[in-house]
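Try each task before you read its solution.

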Amino acid sequence: MRTGKSDISGWLVRPAGGPLWAVLVAVLAACAGHAARVTSDGGMDNAIVVRAARAWLAGGSPYDDPHFLYLPSAVLAAAPQAMLPPAVLRWLVPCAVTVLLAVGWACALRLHRVPLGSRLAVLGLTGLAAGFAPFGHLVRLGNWTVTAAVALPLSLLLASRGRWTAAGVAVGAAVALKPLLAPVVLLFLFAGRWRALAAAVALPALASGAAALLMPDPAGFFTRTLPFLLHGDDGFVRLYEASPAAVLPRLGVPEALAQGLAVAAAGAGVLCAYVRWRRADPGPLRLAETGAGLMLAAFLVSRPSYDHYLLVVLPLLLAGLPYAGSAARVVWFWISLVPQVPGVTWPWLESERRRAFRDAFTLCVLAVTVARQAWTGAAGGRTVGGGDGAPAGAATEPGQVAAAPF
């Protein structure tokens with residue numbers, strides 16, 4: 001692979017040295033170790049799912065807890081954890097979440113044909129772990145959002161290799177654990193991949209239907225969870241939601257107007273994602289930016305919508321950095337991440353209950369950045385790259401790029 005390029009892309013895809021790998025391992029170990037020390041049962045959010053599984057094993061309903069927002073199939077998936085002692089979960093869950101986030105990053109890199117041993121692979125994951133606060137939040141909470149953070153880049157990687165049905169299975173399996181990736185079915189609709197669409201819909205439906213039959217209240221998800229999600233009337237949850245529908249009312253905007261604005265923004269985001277897909281330029285950016293655009297549009301209107309949801313899309317966008325015209329080369333991409341830098345204290349936003357304003361800024365600016373890229377096109381409407389969609393002068397890998405404006 002030729003790497004003697006003046007563009008930063010060539011430097012990023014060269015092999016990382018041993019010291020960089022040592023720093024990455026140390027940062028990830030510190031992140032997981034700190035989470036294990038400050039939590040007693042594998043994280044607050046994971047504990048909700050485990051409690052639901054324990055309630056079911058004891059003959060009760062997992063939906064007695066209003067904060068259990070998952071499909072019935074998630075109860076069965078959490079049952080093995082329910083049989084483990086808290087001392088084991090305390091260390092197992094943070095380590096598992098950290099590993100899964102690394103796997104998702106690896107899938108995003110391979111989608112963009114970036115070598116796993118490259119400097120971008122090491123520095124990108126190090127930056128996410130040390131410089132992006134939601135990474136640490138997700139590890140400490142043990143939230144099952146991590147399943148979506150793995151499944152989305154994996155499914156797009158499979159789709160890029162022509163394995164669309166397998167991509168649909170990956171999305172369906174993730175939805176069965178947590179319905180976060182449901183908007184991705186629109187990508188299969190855009191692409192006309194009906195088998196993939198059927199797999200993504202049928203797998204969680206069948207798994208949840210079968211699991212529901214084992215519950216004391218088979219319709220609990222529809223009678224308890226859906227009304228909770230649609231009304232968003234939980235005061236504790238609302239304080240941490242980052243969607244405009246939740247944040248704007250805290251600034252005095254009427255709730256109906258805030259919801260309408262969020263729906264309009266989400267609709268515009270879906271339209272931009274469709275435009276991005278229809279601009280059928282070759283290369284991995286098409287899949288990555290369409291998938292990320294759909295998810296960001298959903299986060300604008302979904303209730304709840306938390307900061308760690310951003311880890312579903314951010315690695316996909318960041319891994320495209322070697323490509324001219326990618327969203328990661330737009331200055332607003334980096335500006336959107338500034339409020340998430342750990343250790344920076346923002347006046348009047350110091351309280352954890354006010355960090356939703358920072359999260360909303362990141363979500364909205366990132367969504368607008370991706371939507372604008374989708375609508376206007378890379379590099380001012382023209383894809384800068386070779387015939388296979390790699391950066392200019394590339395053959396098969398981003399490391400073969402010629403100099404391009406950063």
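**Exercise 1. Find the residue that lies over the face of Trp277, and give its distance from the ring centre.**

Solution. Arg286 lies over the face of Trp277, 3.5 Å from the ring centre. The rule: NZ of Lys or CZ of Arg must be within 6 Å of the ring centre and within 35 degrees of the ring normal. This is a predicted model, where local features need pLDDT of at least 70, side-chain atom pairs count only at pLDDT 80 or more, and totals for chains, interfaces and linings use all residues. Residues are numbered from 1 along each chain as its sequence is written, and side-chain values use heavy atoms, with hydrogens and water left out.

**Exercise 2. Count the aromatic pairs, then describe how Trp164 pairs with Phe188.**

Step 1. Take the rule. Rings of Phe, Tyr and Trp (its six-membered ring) pair if their centres lie within 6.5 Å; planes under 30 degrees apart are stacked, over 60 edge-to-face, and the rest tilted.

Step 2. Count: this rule gives 11 aromatic pairs.

Step 3. Classify. Trp164 and Phe188 are 6.1 Å apart, centre to centre, with 80° between the planes, and the pair is edge-to-face.

Step 4. Helices are DSSP runs (H or I, at least four residues), numbered from the N terminus. Trp164 is in helix H9 (residues 164–177) and Phe188 in helix H10 (residues 185–191), so the pair ties together parts 24 residues apart in sequence.

Step 5. Check burial (buried: under 20% relative accessible area; exposed: over 50%; partly exposed: in between; 1.4 Å probe, protein chains only). Trp164 has a relative accessible area of 9%, so Trp164 is buried. Phe188 is at 2%, so Phe188 is buried too.

**Exercise 3. Which kind of aromatic pair do Trp164 and Trp277 form?**

Step 1. The pair is edge-to-face, at 6.2 Å centre to centre and 90° between the planes.

Step 2. Trp164 lies in H9 and Trp277 in helix H15 (residues 255–278), so this pair ties together parts 113 residues apart in sequence.

Step 3. Both Trp164 and Trp277 are buried.

Definitions and conventions:
Helix = DSSP H or I, 4+ residues; strand = E, 2+ residues; numbered from the N terminus.
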